[in-house]
Structures are given as C-alpha cells and as structure tokens.
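Dear colleague,

Please find below the structure that I am handing over to you. My notes on what was found in it follow directly after.

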Amino acid sequence: MLEFLTDLWQFMRARKKYWLFPVVLIMALLGALLVLGPGSSIAPFIYTLF
Amino acid sequence: MIYILGLSAYYHDSAAVLLCDGEIVAAAQEERFTRKRHDADFPVHAVEFCLGRAGISLSEVDHIVFYDKPFLKFERLLETHLATAPVGLPAFIKAMPVWLKEKLYLKKLLRDSLSELARCEVKDLPALLFSSHHQAHAASAYYASPFDKAVVLCLDGVGEWATTTAWLGEGNQLKPLWQINFPHSLGLLYSAFTYYAGFRVNSGEYKLMGLAPYGEARYVDLILEHLLDLKEDGSFRLDMSYFNFASGLTMTSKKFHRLFGSEPRKPESELRQRDMDIAKSIQVVTEEIVLRLAKTLRKETGVENLCMAGGVALNCVANGRLLKESVFKNVWVQPAAGDAGGALGAAYIAWFQYLNKPGMAAQSDHMQGALLGTEYDDEAIEKILLSENMVYKKYETEALLDVVTEYLDKEMVVGWFQGRMEFGPRALGNRSILGDPRSEEMQSIINLKIKNRESFRPFAPAVLQEKAAEWFEINIKSPYMLFVAQLKKDKCVDDAAADCVQGFARLKKKRSQVPAITHVDNSARVQTVSAESNAMFYRLLTRFEKLTQCPMLINTSFNVRGEPVVESPGDALRCFLKTDMDVLAIGSFVVLKTEQPEKKPVPVYDDKTGEQLVNDVSAKQLRQFALSTGIMVSLIFGLFFPWLAGSKMNTSVFVYSALWAGWGLLLPKTLTPLYNVWMRFGQVMHKIMTPLILSIIYFVLITPLGLVMRMFANDPLNRKLDAAADSYREQSQAIKADDLEKPF
C-alpha cells in the first residue's frame, strides 16, 4: 500500500495534477469495500453496516 | 546473456514475449493455450512456454516489462468521466470495479501473479518496468523491421491517452514526434461503424473490412461533413455528439443513428446493401486519413521507410493503398500489430532504450516469419493420435508433401499443422487450413462447412514469392498477409453477367482463375511465401505449382468461428473432427476423415466466464469462515451495538461466538451448507452494493468536480472543433530511459 501511495504521489507530481490525489484516494478507500468481493465471508457484515 | 520478458495483459489479447540479447526467443498469445478468444487474463501459460523454450526460470530473467502505464490510463478514465458527468453513470459502474479491485494496483497484481507462477517470493522477482502503450506498439514495429532508420505510425483505439502517434527511429533510438489523443481516434471511429454494422467491437473490424468491397462509398461526404473535422495533414477530431463510447455503453449516439437513418443493425441479422455501403464509406475515410498522415510524415521527415503498428495497421486494404500510392519507398507492418505485439515492443524498449544496447544490423526479418510459438515433435503428436484411436499414416517429408499436394489437387480441404505456431492474429502456414484456390466451390465449402462463418468474406492466398508479381499487382514481399493487392488483369475472367448481380451473389460469380481467393473487387489479401519465411510451406506450394501450374493455396487460420487458432495437436484433432475437413497433415502424419471408423465425439471446452462455484469448499476455507464470522459477530453485537445504545457490552455474544468458532475449527465440513448460503447472500449483497457505492462516488465526488471543471472551461477531452486550425496534432513529450521504471 505504501508503494502504491508513493507511486500515486509521484504520478500527481509528474503530471502536476495534485487535485487528483484526494479523488483517487477516496475512490481507493471506498473501492476497498468492493475489494472484499463476493468471495469474502466478512463482506455481508460490511455491506450490511454500510 | 540478458533475458527480457515482455507482457501484455488485462485488456485484450494477453501475450508474453522473451528476448535473449535482443533477439526473440519465443512469443505467444494466452488465448491459444486457454482456448478463450482474446483472453485478457495474466498470460501464465504464455510465460511458462517462453521460459520453457529458453530453458530458464523466471529468476533468470533480468527485466520484466509491461506494455502499458496503468496510472495514466486511470487518469484518462477518470478525466473522461469528469468531462462527461452526470451522463456516464452506467459506464462508470461498469468500468470502475475492475480498476478499484485490480488495475489500480497493477504493480502488485503483476508481482503476485509472477511470484505465484515462479513459486518464489515477490522480493526475488526481476525488476518490473512499464512502457507506454504506443511506445510499445512503435517499438514492436521499428525494432523488428528491416530498417535502421524509419518513421513509425501507430494507430489504434486508445492506449493511455494517445490514439495516433508518430515516431522517428534511428539506430537504437526511437523518439516520439507528435500525437492525437483520446477521444479522437481512428480506431474507435472504425469500431463505432463496426458496432453500427452489427459486428462485435474489437474483433469484428475485419468483417467490416471484408464487407466493404460489396458497397458503394455513398456516405463518405456525410461522414466527413458531420462525424469528424479532418485536416489537410491527416489530423482530425471527432464530433463527440455523434458518439457514445467516451461515457456510454454503446459506441454510437442517437444523433449518429438519426444521421444514418436507422438504429444499429442487429447482430446476426441479414446484411443489407446499405450496411455494405456504410462499410465501404468508412473504409474510404480510413484510407484517406492514413494516407494523409503518411504523406505528412514523409514530407516533414524526408525518411523513406515507414513502419506501422496498432490495431488499425491490420487494415490490410489501407496498407495496400499506402503501397499503391508509393508515399514511402518501403512500408513494413508489424504482424502482431494489436495488443499482443505490445509485449514484444515493451521488451524491445527495455533492451534498446533502457539498457541502451546498439541497434541490430538491418536484416530482412527479425520476426523470423512470426513463427515464434510452440511446436510439437512426432512423438508428442503420435501419442495424441493413438490416445484418440485415430487411423493415420506416417510419411517421410517428401512423401508427405506429395500426398498432401495430391489431396489439395482433388479439392480436398487440408488441416496443416507443422512447426512453430505463429505469433499474431494470422495463420501463416503452420496452423492453417489449406485448399485449392482454383475451385469455384472452395469458398463456400470452407466458409460454411468448416469455418462456420458468413460466406461474404474472402480467403487469403499464400503464393510463392517469386510468382506473386505474375498474379498480383504487388512488387514487395508480404510474408505476413498485411497488404491487399489487385489480381493481374490477365488472371481475371471477363464475365459480363457478373456485373448484373448484386450483394453476396457477386461472390459466387467466377471472377478469376483463382475464384476462391478473389474478392468481388478482384482484390486479394496476399501472403508471399519464401524458403526463408517458411521452408516447409514453401516446399508444399512449390509441389502444388508443379502439379497444377497454380503457385498458390487458400490459407486460412486453423480454427472454427469463435475459437482461437489451434495451438496443440489435441486442438488440431478436435477441430478436424468437429468440422467437414477432409485431411489433417500434422507433423509427419496424415489423417483422412474417410478412414476413421466412426464419427468421434468431440470434447467441449468449458466456458470460463461462469461465476466462482461455492460447492467445493476446503476445510481451511470453512475454518476461516467460522473464525471470521465469529469475530465479526462479537465485534458488532458484543461491542459496537451496545456502545451505540450506551449499554454494557454483551458477554453472552462472545460465548456464542467462541462456541461457533470452536465448532468450525473442530468440525469444519459440517458448516458447508451454512457456508454456501452465507456466500450466496454475500454475492447478492455484492451485486446490490457495488453499483450503490459507485453511484455515491459518481454523484457526490465526480459530478460536482466535473461541473466545476467545466465552469473554468477545462475540457480534458479537447472536444471543441476548430475550423480555423491547420492541425490537431500535439507535440509529444520526450521520453527518458528511466521513465520505464514508473507506472506513469
């Protein structure tokens, strides 16, 4: 995850699109709910709570 | 020795290529092994084959190069939605899950897949590099070409942002010149018409190209006036109000349908004259754009050699036009011009640019005839034939060539499985179905009884290189079947009655001495064969010419509709058995359909698109299920809810949870029914929650941000057409060698 965040930050710097950082980060965090996927046994708990 | 592994994966046409000191050792597409057409999964089998061919393990590979920059692609996806919100929700919901689950973390995904394949720790893997999509295409065209100086034109749907790029290759350097960015794409324009004509996008484009000769170019002006603004230099912008691919789930918009007067043709419905006219019109427009771009490149650089790659470079009619117009002295097109070839280009970039190795000596064919895939010896083939109880005969090479030639002369259809499998979409004489092109019936026989496909598409001729110019208007080598040329007039048959016939009936009229390979406009997709490009196939063609005075054969890929080209002897045998093919010439063996004692059952491949089954569950999974659900129940009902209600924590929940977990740990198999019900419930919840979560992201985050961007007149898609501008080309940024280390 640390490597992903480092790459993401360097990407924003190289492209000079810092405004993308929070967008991608929020999407990645909310996307973590999707990462649980249909194959995880704790997914129904998380989905229900959400 | 330095080994470099190039990979393409996760979009379509996954492939792996292995270079050893800059020379191609092996290359293969994953679809051939998995039997799943255009397979996009990580190319496990292709990588295993490449490493096996070189006799090395993954740890002995020095660099692994992926053919795409995932962060840049995600940026394009995100900015496209920002530019089009709030109308793109369905496309957002469709595209995002795979990005948020996998593609955004592509580095990890690749490393995990590679370490699983090599059975090693991630830290022990070779360095991972990333080329850009068009850089990989350009490299696959330039470094594999016979030139030491050339301009390169890459045209495809879209990579990261670029859809059209121009490059200058000199020695070992490949420098970007200019580009046109998404959504203004010739590949996507052609795909939009493919969709509108009722064919499948990303695979039906060649059908549209095959349909074009039946039509009249009635809609060219309509396309040029409304759908795009084409500049003199060949650069263009699409009027995006006619298209829906940027933010929707279809290629064309209602405005497009109104312009052409009807909804898109339904797949598999009857093809009408207007579909043919539309196919012809977009073909003419495509050729015009390619020609203008090529002329601009020639004029501005003065270089006389042109290389091409990208999906549009597989449009062999446009390539043939380039040759005919003599814009460049020499034209070379990468045979694996699509995404599979990106694996080769990515590997080449690492060798020549990252490692700065000197350019290769100019030679005729670094691609080795594209015969870079798997091969099977007679022992392996005979084992398969024996296991299927086939009746067969074994021949020495000369006798095999004689007997196959005789069968072909008797108008029998031959499955020809020899040597190494081809890399790229075309079968070039090692995994081919062959027939006699002089036969008037052969077109229909192979199309309907064997390939099981539409009868309007012509076959390609494989012709002896030294005889090609006697039969076709072609004066170059075309070993990869990438140029269309007209049949010589003296080989055509003057049939006045044929002119009165319309539509597909035209194909049934004899137009030449070789009707099975002649399209209705007397053109053919020529493959020239030399002893250098494919020795065994060359000898077969020579025999056939000696017997018949016809120096060519029908050469079509060894597969049936909807399946990839055969890879193994088993694939070849299955394809042979389930079609009306007469002869199978496989290695040193010949199998005749008539000699088989009975019709053999053909194994059916599994459809790999089904959902994960939850019936076959391991004890480990069940224990994890018991433990994780026990913990979750304790946390939610024992701690969270009591805390929410301001009451004391509920200790009885912990006891029940512990009992539950203990039960699962001791007697896991007894939980199977409960596990299955729970997982089904999870799948249902997943299907409901995924679009819900993504809709929230879309309306709370993407849409407001997109609206703010528009307030400041910021359009990342550059959709505004500018009639006063001379060009829509954009200067490309210079690429440094160490850019390869970044996934952006």
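Helices (H or I, at least four residues) and strands (E, at least two) are DSSP runs, numbered from the N terminus. This is a predicted model, in which local features need pLDDT of at least 70 and side-chain atom pairs count only at pLDDT 80 or more, while totals for chains, interfaces and linings use all residues. Residues are numbered from 1 along each chain as its sequence is written, chains are lettered from A and ligands numbered from 1 in the order in which they are written, and side-chain values use heavy atoms, with hydrogens and water left out.

Cavities

On a 1 Å grid over the protein atoms alone, a cavity is a set of points where a 1.4 Å probe fits but cannot get out; a pocket is an open set with protein on both sides within 12 Å along at least five of seven lines; lining residues have an atom within 4 Å of a point. Grid points are joined across faces, edges and corners, and a volume is the space filled by probe spheres set on the points.

By this rule there are four cavities of 30 Å³ or more. The largest cavity holds about 50 Å³ of space. Among the residues that line it are B:Phe182, B:His184, B:Arg237 and B:Tyr728. Strand S8 (173-181) of chain B and strand S10 (236-238) of chain B each supply at least two residues of this lining. By class, the lining has four nonpolar, three polar and two charged residues (Ala, Val, Leu, Ile, Met, Phe, Trp, Tyr, Cys and Pro count as nonpolar, Asp, Glu, Lys and Arg as charged, and the others, Gly among them, as polar).

B:Pro183 lies in the loop between S8 and helix H7 (186-196) of chain B.

The second largest cavity has a volume of about 40 Å³. Its lining includes B:Gly369, B:Leu371 and B:Pro479, and the lining residues divide into three nonpolar, four polar and no charged.

The second largest pocket

About 1000 Å³ of space lies in the second largest pocket. Of the 32 residues that line this pocket, A:Arg15, B:Leu72, B:Trp161, B:Gln179 and B:Gln733 lie nearest its centre. Elements that give two or more residues to the lining include helix H1 (2-15) of chain A and helix H3 (70-84) of chain B. The lining is made up of 12 nonpolar, 10 polar and 10 charged residues.

Two loops deserve a note here. A:Lys16, in the loop between H1 and helix H2 (20-36) of chain A, has a positive phi of about 55 degrees although it is not a glycine.

A helix contact

How do helix H9 (residues 220-227) and helix H11 (residues 273-301) of chain B cross, and at what angle? Their axes come within 8 Å and cross at roughly 60 degrees (axes are lines fitted to C-alpha atoms, for helices over the stretch in contact, and angles run from 0 to 180 degrees between N-to-C directions). H9(B) and H11(B) are therefore oblique to each other (angles under 35 degrees count as roughly parallel, over 145 as roughly antiparallel, 65 to 115 as roughly perpendicular and the rest as oblique). In H9(B), B:Val220, B:Ile223 and B:Leu224 meet B:Ser281, B:Ile282, B:Val284 and B:Val285 in H11(B), where contact means heavy atoms within 4.5 Å.
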